[in-house]
Amino acid sequence: MDDRLKRSVGVELSLVTVDLVILTIREGEATVLLVERGAEPFKGRAALPGGRVRSDETLGEGALRELREETDIDGTRLHLEQLGAYGDPGRDPRGRVVTIAYLALGPDLPVPKGGTDAAHAYWAPVAELLASPDTLAFDHARVLDDALERVRERLEYTTVAAAFCPEPFTLGDLREVYEVLWGRALDASNFRRKVTRSEGFVVDTGEQRPQATGRPAVLYRRGPARLLSPPFLRPGTV
């Protein structure tokens, strides 16, 4: 250890961990991947998957490894971005622990498998968890709340909504993503006009999906654009 660190007054060495907020839409609800902690602290409590970063790996590598070890999900197939850092004193009873949170998004992800220090892994409705934040260990309710707001903002300015849709998808499938995450119904005709006029958002596959009633629905895949111009602002925002 560097002698200068030893002599520093008021400086406490911190552990670095990664936590993952993995969001998907299942049966018309926004859900997040949780693990039941198999060890102290908070043994038996629900938590976001994550753990310590090894000395020989980057933060991103640590996030992908923890996801694979605790849930058996391959994070390289998901939209993955860094959400933020959380390091308030007392957030972890074991000492000063700074965690780097990652946000991962995917389409109707499978039932996960628990592993390592996670007793088991499962999907849980985001709305229920945020209504009872004490359900989650550590400060994970705060992390989840931040992640949900990040996604809601991303829907306004980027094409990330398509990351929730298995390809090929209909515009109805895409609209459901916005409606679920924004928590409000959208006019179908207006939504269709905005999406099809936004260059590079979606690409027509030339295929159709039969419907129970009415005409078959056109099928699309995600286009090359990553930013929306003009943006899709949430109803009620200026």
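User: Which helix do Y178 and W182 lie in, and how many residues apart are they?

Analyst: Y178 and W182 are both in helix α5, which covers residues 171-182. They sit four residues apart, about one turn of the helix. Helices here are DSSP runs of H or I with at least four residues, and strands are E runs of at least two, numbered from the N terminus.

User: Where do these numbers come from?

Analyst: This is a predicted model, where local features need pLDDT of at least 70 and side-chain atom pairs count only at pLDDT 80 or more, while totals for chains, interfaces and linings use all residues. Residues are numbered from 1 along each chain as its sequence is written, and side-chain values use heavy atoms, leaving out hydrogens and water.

User: Are Y178 and W182 buried or exposed?

Analyst: Y178 is buried, at 0% relative accessibility. W182 is buried too, with a relative accessible area of 7%. Buried means under 20%, exposed over 50%, and partly exposed in between, using a 1.4 Å probe and protein chains only.

User: And why do F191 and F232 count as edge-to-face?

Analyst: Their ring planes are at 70°, so the F191-F232 pair is edge-to-face, with centres 6.4 Å apart.

User: Where do F191 and F232 lie?

Analyst: F191 is in helix α6 (residues 188-197), and F232 is in the segment after β9 (217-222). So this pair ties together parts that are 41 residues apart in sequence.

User: Buried or exposed, those two?

Analyst: F191 counts as buried at 5% relative accessibility, and F232 is buried with a relative accessible area of 6%.

User: Which residues form one aromatic cluster?

Analyst: Y178, W182, F191, F201 and F232.

User: Switching to charges: what sits over the ring of F232?

Analyst: The charged end of K194, 6.0 Å from the centre of the F232 ring. A charge sits over a ring if NZ of Lys or CZ of Arg is within 6 Å of the ring centre and within 35 degrees of the ring normal.

Conventions:
Rings of Phe, Tyr and Trp (its six-membered ring) pair if their centres lie within 6.5 Å; planes under 30 degrees apart count as stacked, over 60 as edge-to-face and the rest as tilted.
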